[in-house]
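This briefing walks through one protein structure, topic by topic, for a reader who is new to such descriptions. Please keep the sequence and the 3D view open while reading.

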Amino acid sequence: MTHADLIIRNARIMTMDDGCPAAESLAVSGHTIIAVGSTGDIANLAGPATRTIDAGGTSVLPGFIESHLHIFAGAASLSRLDLTGIDGKDALRNAVMNWSTSQPDGIIFANQAHYTILGSGPITRQMLDEVCPDRPFAMMAPDSHTAWANTPALAAAGILHGAQINPGSEIVMAADGTASGELRETDAFAPVIALTENQGREALGYTTARDPVPAPTRSQRAADIATLQQGIEYCASLGITSMHNMDGNLYQCELLHEIHQAGSLKCRIEVPFHYKNDKQLSDLEEAEYMRRTWSSDHLWCNRVKLFMDGVLDSGTAFVLDGYPDDPASTGDPLFSAEDFSEIASQCDKRGFQIAVHAIGDAAVRRTLDGYQAARHANGRQDSRHRIEHIEVIDEADVGRFAELGVIASMQPLHALGTGSYPMEPTRSKIGDAKLSRAFAWNTLRDAGAHLCFASDWPVSPVDPLMSIKAAMTREKLHPSHPDQRQSLHQAVHGYTAGGAYAEFNENRKGVLRTGALADIVILDGNIQTTDPAAIDDMKVATTICDGVVTYQA
């Protein structure tokens, strides 16, 4: 008889296996779960070397699968000023002053600056000069699509008087011919990020999708590895065992490979090829190289990521019918319909899964049209292409997700009604006419779509328990709106089995059953009896990835 290496007993196991939804105990041998059942039955698998964890009646779940994050940028954010909850000039000035005492040199770069942090009007460099007059200071909006910089930061970045950048990004200019301080989209704020401690290398997979130039020195490379390791360990401490990264370049893959070779990769990571709108179809050869080079259960590349639009708050999301406050503006798509259909068809032909950032309803439609063109060109196959965010959708497109087999990858903490972010300007940018079709989790699910949940870290906190709470407690903004709240099973499914399905691993991950990979999280309480409003007060007690304990409280 095979003895278990590890037994977890006296637990409240949510297996996410429809055939056996609940259990008391499970056993692991090597990298695999070898039995799930009652405490008495599993006890028979114990041997002299078996480690036993008594869960004490707490919840045991499949390891969380974080289906949309930016691991390098998220890791870097752990050492930056966090402006969550900061509102008003005095509070911002105090936060910056307090931070500057511990960081006396270089740029102060802050995250989580909401669009109305200094009032309802535009944020200018002069406003930020009053907050921080004597050194470079910049802050990023929660959505990571808009940044604001003071005069010293703009000057140090070489963009105080503007610069030539790619379409889809904008250095907003003031009437006097200088930069106003607002930087929209990646190419606009990349020069400011380059002033930070990692010199912007952590953002290159997102901003340029190319490798650092010049090549990093040995010490810089070591610093980048340390940053990544810190982020991965942080994710492991939150019960995350797999993650789908949403930006990528060869450099990032090389760093993760080094971490894995050293035995320190505590989460499984998928890295995409980021196809920006300045690339050509011939660049897909690099995606092929990435797929050939990294194809293990711990680090793999088999997806192409694109951005179709920006975000609602800055008016860069691509929307049908214009914005309520500016009906003539629909936002600019980053790819024409013809170009995207050709790209999607070529990626699909090569066997790549595609994931497209599409927030506005027009961006969602254009992406679906491209996936439909790919099916027409290549025939029906199990491609499981994805759309990321889907913050607004037109009613005519809801059923197309199931029809085309497209996965809805959504972020509970982004939704209005969760209390995660201020209502404005997002609510006004959506408008009352479309609000009932915003962040439409159940609308899509009821129409047959597969959903997976995620955080988009560092856009919102990466803790899955915070997202599960948000998914279960979201309030309707009007009595006539559909109820988009999730049950506990649906919310946990989005972070386990739903994420596994999105990566073609539903038979091996996201579920606790015999033969599945031993990716497991033990909580410090019983999530099934906890008030949904208090779920984010729970903590992870133990994380196990591939049969190895990667975090112990």
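D546 is buried, with a relative accessible area of 11%, where buried means under 20% relative accessible area, exposed means over 50%, and partly exposed lies in between (1.4 Å probe, protein chains only). The structure is a predicted model, in which local features need pLDDT of at least 70 and side-chain atom pairs count only at pLDDT 80 or more, while totals for chains, interfaces and linings use all residues. Residues are numbered from 1 along each chain as its sequence is written, and side-chain values use heavy atoms, with hydrogens and water left out.

**The chain as a whole**

- The protein chain has 18 helices and 26 strands, which are DSSP runs numbered from the N terminus (H or I with at least four residues for helices, E with at least two for strands).
- With a radius of gyration of 23 Å, close to the 24 Å that the globule rule gives for 553 residues, the protein chain is as compact as a globular protein of that length; the radius is taken over C-alpha atoms, and the rule is 2.2 Å times the number of residues to the power 0.38.
- Taken along the principal axes, the box filled by the C-alpha atoms of the protein chain is roughly 80 × 55 × 50 Å.
- Of the 553 residues of the protein chain, 58% count as buried.
- Among contacts (heavy atoms within 4.5 Å) between residues at least 6 apart in sequence, 73% join residues at least 24 apart.

**Backbone details**

- Most residues other than glycine have a negative phi, and most peptide bonds are trans.
- D546, although it is not a glycine, has a positive phi of about 60°, and its place is in the loop between strand 25 (540-545) and strand 26 (548-552).
- E185 is not a glycine either, yet it has a positive phi of about 75°; E185 is found in the loop between strand 14 (179-184) and helix 6 and is buried, with a relative accessible area of 8%.
- The peptide bond from E424 to P425 is cis, with omega near 5°, and P425 belongs to the loop between strand 22 (407-410) and helix 14 (426-430).
- W457 and P458 are also joined by a cis peptide bond, with omega about 10°, and P458 is in the loop between strand 23 (450-453) and helix 16.

**Helices and their packing**

- Two packed helices are described by the angle between their axes and the distance between the axes.
- Helix 8 (residues 218-237) packs against helix 9 (residues 250-261) at an angle of about 70°, with their axes 10 Å apart; axes are lines fitted to C-alpha atoms, for helices over the stretch in contact, and angles run from 0 to 180 degrees between N-to-C directions.
- Helix 8 and helix 9 are therefore roughly perpendicular to each other, since 65 to 115 degrees counts as roughly perpendicular, under 35 as roughly parallel, over 145 as roughly antiparallel and the rest as oblique.
- On the side of helix 8, the contact is made by Q220, R221, D224, I225, L228, Q229 and I232, and on the side of helix 9 by Y251, E254, L255, L256, E258 and I259.
- These contact residues divide into seven nonpolar, two polar and four charged, where Ala, Val, Leu, Ile, Met, Phe, Trp, Tyr, Cys and Pro count as nonpolar, Asp, Glu, Lys and Arg as charged, and the others, Gly among them, as polar.
- Helix 6 (residues 186-193) is mostly covered, with seven of its eight residues buried, namely T186, D187, A188, F189, A190, V192 and I193.

- A76 is found in helix 2 (residues 71-77) and counts as buried at 1% relative accessibility; leaving aside its neighbours within four places in sequence, A76 is in contact with E197, N198, E202 and T227.
- A76 and T186 are 110 residues apart in sequence and 17 Å apart in space, C-alpha to C-alpha.
- D313 is in the loop between strand 19 (303-307) and helix 11 (337-349) and is buried, with a relative accessible area of 19%; its contacts, apart from neighbours within four places in sequence, are Y115, D143, P425, T426 and K429.
- H481 is in the loop between helix 16 (464-473) and helix 17 (488-494) and is buried, with a relative accessible area of 12%; apart from neighbours within four places in sequence, H481 is in contact with L435, S436 and K476.
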